[in-house]
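Let's take a walk through this one together. Keep the model open and follow along.

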Amino acid sequence: MNKEIIGLNAGKVWEALNAADAMGVKQLKKVTKLKDKELFAALGWLAREDKIEIAVDDEDEKEYIVSLV
């Protein structure tokens, strides 16, 4: 996986979040149809650019909620 592919996947994640404001990681994976490694690389890209926030779900502490900044 190279930076170009990670950047494209980050765009998919950003578009999904832009449509819904916030999503759980499981839901993001389903919507974007990305594999775990692809999704987490894209999330890292967006987090490094300060475009997303990641928080623990209050109801399910094993789930993370991702939202746009």
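Which residue follows H1, and is its phi positive or negative? That's Asp 21, with a positive phi near 70°. Before going on, bear in mind that this is a predicted model, where local features need pLDDT of at least 70, side-chain atom pairs count only at pLDDT 80 or more, and totals for chains, interfaces and linings use all residues. Residues are numbered from 1 along each chain as its sequence is written, and side-chain values use heavy atoms, with hydrogens and water left out.

Now back up along H1, residues 3-20 (helices are DSSP runs of H or I with at least four residues, strands are E runs of at least two, both numbered from the N terminus). At its start, a side-chain oxygen of Asn 2 comes to within 3.0 Å of the backbone nitrogen of Glu 4.

Look at which H1 residues are tucked away: Ile 6, Asn 9, Ala 10, Val 13, Ala 16 and Leu 17 are buried (under 20% relative accessible area; exposed is over 50%, partly exposed in between, with a 1.4 Å probe and protein chains only). They sit on the same side of H1, because they cover an arc of only 125° around the axis (taken from the directions from the helix axis to the C-beta atoms). On the other side, Glu 4, Leu 8, Glu 15 and Ala 19 are exposed.

Finally, the charges: the whole structure has 2 salt bridges (a side-chain nitrogen of Lys or Arg within 4 Å of a carboxyl oxygen of Asp or Glu). Lys 29 pairs with Asp 36 at 2.9 Å, and Lys 51 with Glu 49 at 3.5 Å.

Notes:
The expected span of a helix is 1.5 Å times one less than its number of residues. A polar contact is a pair of N or O atoms within 3.5 Å; within protein, one must be able to donate a hydrogen and the other to accept it, and residues adjacent in sequence count only if both atoms are side-chain atoms.
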